[in-house]
Every structure is written in C-alpha cells, then in structure tokens.
Amino acid sequence: MQKAVGYALQLVQAGETPLDAKPFKGVGSGVSEIVKRYDTDTYRAVYAVKIGEKIYVLHAFQKKSKKGVKTPQTDVDLIKQRYKDALAREEQS
C-alpha cells in the first residue's frame, strides 16, 4: 500500500493527477485525496497542492469505520489544522 500511495504522490509531484485522486471537499482549494483499497481495508492520503511550489501530505490513514464513506470528523479536523499550518508556513518562507 505504501508503494502504491507513494507512486501516486510521485505523479502529483510531476504535475499529473493520479486516476484514483479526487477533491477532498470542505478544507480548501487544491486539497485532494488518494483512495486505495486492499482486501477489505481502505487507505487514504490527503494532500494539498498549489501552496507555493510544494505539495503537503496533510494526513494518511486507514479508514476504520465500516459505516458509510464519510471521513471521521476527528480526521477532518486534523486535516483542516494541518492545511492552515501549511499555509502559515508558506507565508513565512
């Protein structure tokens, strides 16, 4: 799973959009997620592009809930905070 997500992020670095990437709504412009499934598990990597010249991986996790497809609020809150931190870090550069 690490190699598959790593390869998808390498495509992002090269300016391409991986086939399994989709916008991650509710956080900010340019935030996307990569969703990978393995056996019965789902893994996600949420990243932000267009923050200066950098790509920030905001969160990577295994989805634990078997109910629905919604990302748990604790993960969403963490992603939002890391996005704000990335924006602040870029402004200081």
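Me: Why is Q92 called exposed?
Reply: Exposed means over 50% relative accessible area, buried under 20%, partly exposed in between (1.4 Å probe, protein chains only). Q92 has 69% relative accessibility, so Q92 counts as exposed. This is a predicted model: local features need pLDDT of at least 70, side-chain atom pairs count only at pLDDT 80 or more, and totals for chains, interfaces and linings use all residues. Residues are numbered from 1 along each chain as its sequence is written, and side-chain values use heavy atoms, with hydrogens and water left out.

Me: What places Q92 in a helix?
Reply: Helices (H or I, at least four residues) and strands (E, at least two) are DSSP runs, numbered from the N terminus. Helix 2 covers residues 73–92, and Q92 belongs to that run.

Me: What makes strand 2 and strand 3 a pair?
Reply: Two strands pair if DSSP finds at least two bridges between them. Strand 2 (residues 31–38) and strand 3 (residues 41–51) have 8 bridges, in the antiparallel sense. I34 stands opposite A45 in strand 3. A45 also stands opposite A60 in strand 4.

Me: How do you know that strand 1 and strand 2 pair?
Reply: DSSP needs at least two bridges. Strand 1 and strand 2 have 3, again antiparallel. P23 stands opposite S32 there.

Me: Why do strand 1 and strand 4 count as edges?
Reply: The open sheet has 4 strands in the order 1-2-3-4. Strand 1 (21–23) and strand 4 each have a single partner strand, so one side of each is left without a neighbour in the sheet.
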